[in-house]
Amino acid sequence: MKLKTVQSQTLQNQVYEYLHEQIVSGNIPPGQRIVEGKVSQETGVSRSPIREAIRRLNSEGLVSVSPRGGVRVYRATFSDFKYLYECRLSLEPTAAFYAASRMNEKQRKQLSDSVDKMNLMVDKKELEKLKILSSQFHYLIVAASGNPYLMKMMNQLNSLISFYRNAVLNIPTRIEEGADEHKAIWNAIKNEDGKAAEELMKAHIQRDYQFYVSMYSGVKDDEY
């Protein structure tokens, strides 16, 4: 994917978006080395913007940089996954609670359309599209909460959430179950029942985590 020759800052952003997508989607798997020269060949961009993009990815926890300069996609530990879900359990149910009373008409339509599309993708067994829609659904609820501080905290975690969520959402049965849970959350928000939306979101996140734990039970951090 050759990127256009534009201002340095824009190039940094484009390289960042390119590498971010490759990592979150799993095209560059955990533990794989990111070589500046190879990225330069793939994108047509010089190494300076690539280094800046890597610094951003490192600050977000998506890559690790060794003291000797090597860069690899971060290989998450089971503890990392657990700690992230603890954050989600605190923030996302709160977002759902406030979304029920604060969302505007545009957000209402976006959430409704999102659920309709998810139902359609379940029927068509379009699992990759369903994964994308799932992430969008969670993002829309956070935005609908109307709380700028909550949005800022979730934005900081969003890359890691997408990165880890793929581990659970690669399982077809869990993807389809999750779509049904999203529909229930949306119905509660639509009916302005903040308490129900909060509890349903909490249960949804807990099921994701419990499903994942059942898959990787007995795996140690250094084996993950």
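## Helix 4 and the overall fold

Helix 4 has a kink of about 30°, and the kink is centred on R88. This is a predicted model, and each value below is computed from it. At 1.5 Å a residue, the 25 residues of helix 4 (residues 78-102) should span 36 Å, and its end C-alpha atoms are 35 Å apart, which agrees.

The protein as a whole has nine helices and two strands, and from the N terminus on its elements follow the order α-α-α-β-β-α-α-α-α-α-α. Of the contacts in the protein with a separation of 6 or more, 73% are between residues 24 or more positions apart. Buried residues account for 41% of the 224 residues.

In soluble globular proteins, nonpolar side chains tend to be buried together. Here the largest nonpolar core has 58 residues, and those that touch the most other members are L19, I23, I34, F137, I141 and I189. Helix 4 gives the most to this core, with eight residues. Which residues does I34 touch, not counting residues up to four places away in sequence? Its partners are I23, I28, V39, I54, V63, V71, R72 and V73.

## Cavities and the residues around them

The count comes to two cavities of 30 Å³ or more, and the largest cavity has a volume of about 80 Å³. Of the 10 residues that line the largest cavity, H138, Y139, V142, M154 and N158 are the closest to its centre. Helix 6 (127-144) and helix 7 (148-169) each supply at least two residues of this lining, and helix 7 gives the most, with five residues.

N158, one of the residues closest to the centre of the largest cavity, is found in helix 7. Is N158 buried, partly exposed or exposed? N158 counts as partly exposed because its relative accessibility is 33%, a value between the limits of 20% and 50%. The C-alpha atom of N158 is separated by 9.2 Å from that of S135, and these two residues are 23 residues apart along the chain.

H138, which also belongs to the residues closest to the centre of the largest cavity, is touched by H204. H204 is found in helix 9 (residues 194-215), and it counts as buried because its relative accessibility is 2%, where the cut-off is under 20%. Not counting residues up to four places away in sequence, H204 touches R174, G178, E181, H182 and I185 as well as H138.

## Positive phi in two loops

K125 has a positive phi although it is not a glycine, and E192 likewise has a positive phi in a residue other than glycine. K125 is found in the loop between helix 5 (105-124) and helix 6, whereas E192 lies in the loop between helix 8 (172-190) and helix 9. K125 is exposed, with a relative accessible area of 54%, and E192 counts as exposed at 55% relative accessibility; both classes follow because exposed means over 50%.

| Residue | Phi | Relative accessibility |
|---|---|---|
| K125 | about 60° | 54% |
| E192 | near 60° | 55% |

Conventions: Residues numbered from 1 in each chain as written. Predicted model: local features only at pLDDT ≥ 70, side-chain atom pairs only at ≥ 80, totals over all residues. Heavy atoms only, no water. Helix = DSSP H or I, 4+ residues; strand = E, 2+ residues; numbered from the N terminus. Expected span 1.5 Å × (residues − 1). Bend = angle between axes of the 7 residues up to and from the residue. Core = buried A, V, L, I, M, F, W, Y, C linked by side-chain atoms within 4.5 Å. Buried < 20%, exposed > 50% of the residue type's maximum accessible area, 1.4 Å probe, protein only. Contact = heavy atoms within 4.5 Å. 1 Å grid on protein atoms, 1.4 Å probe; cavity = no way out; pocket = protein on both sides within 12 Å on 5 of 7 lines; lining within 4 Å. Points joined across faces, edges and corners; volume = space filled by probe spheres on them.
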